Amino acid sequence: LSVAGDAILGNDVKLLSDASVLSFGTNAEVTLTHVHNDGLLLNADMQLQFRDSAINIRSDADGDLDINADDEIELNSTLIDINGNVEISGTTAQVGVATFTASPIVSGSGNKSITITSTDGIGSMEIGSAASNAAFIDLKTPSSDDYDIRLASIAGGSGGSLAISGGTFSILGSGETMAAF
């Protein structure tokens, strides 16, 4: 069958051989090949586009798969299983509980910290590193941008300190105040 113009078919089109190829374009630069018992193969660095050229799925290099959208990529399922490392270069907003089977690590150069804040504004906790390789844990109330209680290490591992900003420091034992400062 050779058709120079459009072909209109009223029913199914069946390609009955393994490795069948559909070629597209004047120079047949885009091909879709049947891979026996596996599926379809889009050739080279071609892409499957949705709506416009900014929304596409493609493979720029062997081993790489790009899913591109100029606004949002939405994955919906009761479980999304990612087997491998994840690199996020933007802001992460999470709704729900984060469960870790290993210790979370914050890495990079300079001062780094993790801040845990309650959604109802009753306080926050910040864990981080300060200058000269010292570490700290700050407990804060909503009325204070600075810490109310700070447990800090001294650079070089030569001790630490406990600082309280106002209020009373109490040592409790068996539900009773043992000492108050």
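Strands here are DSSP runs of E, at least two residues each, numbered from the N terminus. With that in hand, welcome to a short tour of this predicted model.

**Stop one: Arg58.** Select residues 52-58 to bring up strand β5, and you will find Arg58 in it. Now show the side chains around Arg58. Its side chain makes a polar contact of 2.8 Å with the side chain of Asp45, and another, at 2.7 Å, with the side chain of Asp60. Leaving aside residues up to four places away in sequence, Arg58 also touches Met46, Gln47, Asp64, Leu65, Asp66 and Asn68, along with Asp45.

**Stop two: Asn43.** Next, go to the loop between β3 (39-42) and β4 (47-50), where Asn43 sits. Follow the Asn43 side chain to the backbone oxygen of Glu29, which it reaches at 3.0 Å. Beyond residues up to four places away in sequence, Asn43 is in touch with Glu29, Val30 and Thr31.

**Stop three: the largest pocket.** Select Leu75, Ile80, Ile82, Val86 and Ile88; of the 18 residues in the lining, these lie nearest the centre of the largest pocket. The space inside comes to about 700 Å³.

**Stop four: the second largest pocket.** How many charged residues are in its lining? There are none: the lining has six nonpolar and five polar residues.

Methods
Residues are numbered from 1 along each chain as its sequence is written. This is a predicted model: local features need pLDDT of at least 70, side-chain atom pairs count only at pLDDT 80 or more; totals for chains, interfaces and linings use all residues. Side-chain values use heavy atoms; hydrogens and water are left out. On a 1 Å grid over the protein atoms alone, a cavity is a set of points where a 1.4 Å probe fits but cannot get out, and a pocket is an open set with protein on both sides within 12 Å along at least five of seven lines; lining residues have an atom within 4 Å of a point. Grid points are joined across faces, edges and corners, and a volume is the space filled by probe spheres set on the points. Ala, Val, Leu, Ile, Met, Phe, Trp, Tyr, Cys and Pro count as nonpolar, Asp, Glu, Lys and Arg as charged, and the others, Gly among them, as polar. Helices (H or I, at least four residues) and strands (E, at least two) are DSSP runs, numbered from the N terminus. A polar contact is a pair of N or O atoms within 3.5 Å; within protein, one must be able to donate a hydrogen and the other to accept it, and residues adjacent in sequence count only if both atoms are side-chain atoms. Contact means heavy atoms within 4.5 Å.
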